[in-house]
Amino acid sequence: MVIKKRQILWDWTNTSGPGNPGVPDKINQVPFDGNSPVASVVNWNAWVPPELKDRAPFRPMVRVLDSTKGNDWATIQNSKYPIILFFNEPERSGISPEQARDIWYKQMLPLRKTKGKKLGSPAVASDENGRKWIEKFMSLVSSDPPDFLCLHYYSTNADEAIKYIENMHNKWPKLKVMVTEIACIDRNYQSVLGFTVKICNWMDTKDYISEYGLFDFQRKVADGFVSPAAQLMDANGNFTELGKMYVHQQPMKLPGKATIAAVAENNVLAVAELSASSALTQDQQKALNAHNDKRKAKGLKPLAWDNQLAKNAEEYAKHLAQIGKLQHSSGDQRPNQGENLAMASASSTPLIMSANMWLAEEKNYHGEPIGQGDFGSYGHYTQCMWKSTTKLGMGWAKDAKGSVYIVGRYSPPGNVTGQKPY
């Protein structure tokens, strides 16, 4: 029997509006049938995404002080949905527990008493300030507590997440828990997968957890704190491997095949599967051939393999393996060299798979000068195809966890702002 607990945290930018074209049709990737683990949809607002079309319950939110008045409050009062969420990380927006208590008694409780709504508590961050805030608020409303204890949690360790949720539940054991935001902030994709599979499967088994939302479905990384490796949507609004696992799998399981993620200047761009094994020299040749086949199709001169570039690439790959993340080198570290990066969870043919991934970005490039359009979605491709580039070298290194870091070096470098690759 399917356990329906998973919230779709559907960022408001996905919904079309003035000045925001959105990607509303992408919500159709969510299975809303009876066999789906999806329970509800949240967008941190009072208004319902029209693309939802009543296929799942919506959870309106009184997110900030402005939500307690005007059109937002009117929308809350007239909502047909049975659960209302209250304040999102109020301790970070200057709302005191006393202010929240006053609004709770004046505006929120009447929703329960006169309209039969169930109410979620304010959802605070899991740091010390957040914990102190919610403890104070809960003491102030102890005679009329919320129906749900709403929690947020971000970390790199699933066991710590479980411990935090259990501890918070033990403080108010009579309340159902709703984990309205949770995600792994590790930059390593395999670590993100491990965290997510463990925590989601654990929450599915806990009766006191009513719902939970994996952060989040939006086309760009929300901020520098959130891990690009944990994105549930890509830049085009298509669900990532992790996003698909979340909406389809129960229990969730680690992918049977290894994965590779390409990154350009802090943006996770894509995920592809690794496959057949091959010797390194074959791998080098196949990667070079992939570049040159694509260049030939555009009438560009072929690249030559350069051992010095390959050595430089391998040395930098070793550095990435040591620091455990993808981070572009600075220009003075690679004079007259362009750079593409990728990371794989395991690999016998990392160079050809990286090359194929970079070249697959061709579909995202529409002839614009570098710096225009969505450079993050096509920048690997344009470096591979740069008309004045003549030499290529690639290298890789493995870290202690088995993750493989791949570096491509190009000379002369491409991706000159304002110019086109060919």
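Let us begin with Q7, which counts as buried because its relative accessibility is 0%, under the 20% limit for that class. Please keep in mind that this is a predicted model. Q7 belongs to strand β1.

What do the side chains of Q7 and E211 form? They are joined by a polar contact of 2.9 Å. Beyond its close sequence neighbours, Q7 also touches a number of other residues, among them S40, V42, R59, M178, T180, G213 and Y246.

I now turn to the sheet around this residue. In which order do the five strands lie? The order is β2-β1-β8-β7-β6, in an open sheet with parallel pairing. At the edges are β2, residues 38-42, and β6, residues 148-155, each of which pairs on one side only. From one strand to the next, the twist averages 25°.

Strand β1 covers residues 6-10 and runs parallel to β2, to which four bridges join it. For R6, the bridge partner in β2 is V38.

Two helices deserve mention here. Helix α4, residues 158-171, packs on the sheet and touches β6, β7 and β8; the direction of α4 makes about 160° with that of β6. Helix α6, residues 241-248, lies across β1, β2 and β8, and α6 runs at about 160° to β8.

Next, the cysteines. How many disulfides does the structure hold? The number is zero. C150 counts as buried, since its relative accessibility is 2%. C384 is likewise buried, with a relative accessible area of 1%.

Finally, I would draw your attention to L140, in helix α3, which spans residues 128-140. Its relative accessible area is 22%, so L140 is partly exposed. L140 and P97 are 43 residues apart in sequence, yet their C-alpha atoms are 7.9 Å apart in space. Leaving aside residues up to four places away in sequence, L140 touches P97, E98, R101 and Y105.

That concludes my presentation, and I thank you for your attention.

Technical notes:
Residues numbered from 1 in each chain as written. Predicted model: local features only at pLDDT ≥ 70, side-chain atom pairs only at ≥ 80, totals over all residues. Heavy atoms only, no water. Buried < 20%, exposed > 50% of the residue type's maximum accessible area, 1.4 Å probe, protein only. Contact = heavy atoms within 4.5 Å. Pairing = 2+ DSSP bridges. Axes fitted to C-alpha atoms, helices over the stretch in contact; angles between N-to-C directions. Polar contact = N/O pair within 3.5 Å; in protein donor to acceptor, adjacent residues only side chain to side chain. Disulfide = S-S within 2.5 Å.
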